[in-house]
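Thanks, everyone; I would like to walk through one model this morning, keeping to what can be computed from its atoms. Please have the sequence and the structure open while I talk.

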Amino acid sequence: MFEEMVTARYYEERLQEEYLEGKQPAFDISAGPIPGELHLAAGQEAAAAGVCRHLRDDDTVTAPHRPHHVAIAKGVDLKRMTAEIFGRETGLSGGKGGHMHLFDPDAGFACSGIIAQGCPPAVGAGLAAKKRNEDSVAVAFLGEGAISQGAFLESLNLAAVQNLPVIFVIEDNDWAISMPKGRVTDVADGSQRAGGFDMPGVRVDYDDATAVYDAAKEAIGRARAGNGPTLLEVQVHRRMGHFMGDPESYRPDEDVEAAQARDSIERLADDLRNEGFEDDELETIREDARERVDEAIEWAKDQPEPDPDAAYEDVFVNPPSGVTTEEPSHEFAGGED
């Protein structure tokens, strides 16, 4: 978990550097090597690492628009993911999806830029596993600002009614874009939503990877055994803006300072030291992570950009092979136009 968390943290920090290149001093979202928006998850690593440590290759994970830490923990190819974020031809989706629409079927991972829209596909994966008599599970990650979304609530209902092997993981970073949680919902503890669907609801009050690991172990074990879904909420913290370039003028300085003071990575490092790990061992893990991330970023930047004509490929209007493309007749039977 420590390796995954330090990899994810450094990855976000490096993406921040690359993204802001050419976009300042007057912020220009279209400039620089990474096009479009970028939402980074520094401070949320414990939720992903603690949950995904229990998962197998045949398990499905969906994530929201802040997905990189989850993708890393699930084992998504780092180089191809980075190439996708940079909009390159060798990316996971040929550079067409960008960072909010990563898709890696080999790792059983997908994400969406639409709030809570990873929940229905996760339920679908859980239903498929049940119908196939398999013990694979599905996990849907979402933010606390999404817990009143219809897609989330409907997914909880279907998962409960069908007794599906799905774990819903709410990452509570206290901010729904620019709104503090208290202004968008009266539910301080999102895991209480489970009570309306007769499923277990568990909250981990601190972004402690070991505590998340323990809670996820029970939830995932329960799902694999055919005992249905669980709703898990993890308190995390947001060390960066909602998106890169966000001035965060809505956020009190003391809240930013508090987020910077909390660090799940350092908490886990202290736990490892207490278990006998030496600082040089931990530093070796950090160095390896930095090398892996830097290598992925440099590799991605060297990859070719897609041919503009590729924009016409892999779109829904393409007819399947063998389907006629003849123009339809505009004549009306039995009379004039």
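Predicted model: local features only at pLDDT ≥ 70, side-chain atom pairs only at ≥ 80, totals over all residues.

**Salt bridges, strands and a pocket**

Let me begin with R203, which is partly exposed, with a relative accessible area of 22%; here buried means under 20% relative accessible area, exposed means over 50%, and partly exposed is in between, with a 1.4 Å probe and protein chains only. Residues are numbered from 1 along each chain as its sequence is written, and side-chain values use heavy atoms, with hydrogens and water left out.

Which partners does R203 have? One is D172, with which R203 forms a salt bridge whose closest N and O atoms are 3.3 Å apart, a salt bridge being a side-chain nitrogen of Lys or Arg within 4 Å of a carboxyl oxygen of Asp or Glu. Because R203 sits in strand β8 (residues 201–204) and D172 in strand β5 (residues 166–172), the pair ties together parts that are 31 residues apart in sequence; helices (H or I, at least four residues) and strands (E, at least two) are DSSP runs, numbered from the N terminus. D172 is at 0% relative accessibility and counts as buried. R203 also forms a salt bridge with D205, the closest N and O atoms being 2.7 Å apart, and D205 is partly exposed, with a relative accessible area of 46%. Elsewhere, salt bridges that share partners join R14, E17, E18, D294, E298 and K301 into one network.

In total the structure holds 27 salt bridges. Among them is the one between R9 and E45, where the closest N and O atoms are 2.7 Å apart; R9 lies in helix α1 (residues 2–20) and E45 in helix α2 (residues 45–52), so this pair ties together parts that are 36 residues apart in sequence. R9 and E45 are both buried.

Now to the strands around D172. In β5, seven of the seven residues are buried, so the strand is mostly covered. Both of the faces of β5 are covered, with V166, F168, I170 and D172 on one side and I167, V169 and E171 on the other. Strand β9 (residues 230–235) is likewise mostly covered, six of its six residues being buried: T230, L232 and V234 point one way, and L231, E233 and Q235 point the other way.

How do these strands pair, given that two strands pair if DSSP finds at least two bridges between them? β5 and β9 run parallel and are joined by six bridges, with E171 opposite V234 in β9. β8 and β9 also pair in the parallel sense, over four bridges, and there V202 stands opposite L232. The pairing of β4 and β5 is parallel too, over six bridges, with A140 opposite F168 in β5.

What lies nearest its centre? Of the 18 lining residues, H65, I115, G143, G145 and W175 do. The volume of this pocket is about 260 Å³. For the method, on a 1 Å grid over the protein atoms alone, a pocket is an open set of points where a 1.4 Å probe fits, with protein on both sides within 12 Å along at least five of seven lines, and lining residues have an atom within 4 Å of a point; points are joined across faces, edges and corners, and the volume is the space filled by probe spheres set on them. The lining divides into eight nonpolar, six polar and four charged residues, where Ala, Val, Leu, Ile, Met, Phe, Trp, Tyr, Cys and Pro count as nonpolar, Asp, Glu, Lys and Arg as charged, and the others, Gly among them, as polar.

Lastly, the cysteines. With a disulfide taken as a pair of cysteine sulfur atoms within 2.5 Å, the count comes to zero disulfides. C52 is in no disulfide, its nearest cysteine sulfur being that of C111, 13 Å away.

Key:
Pairing = 2+ DSSP bridges.
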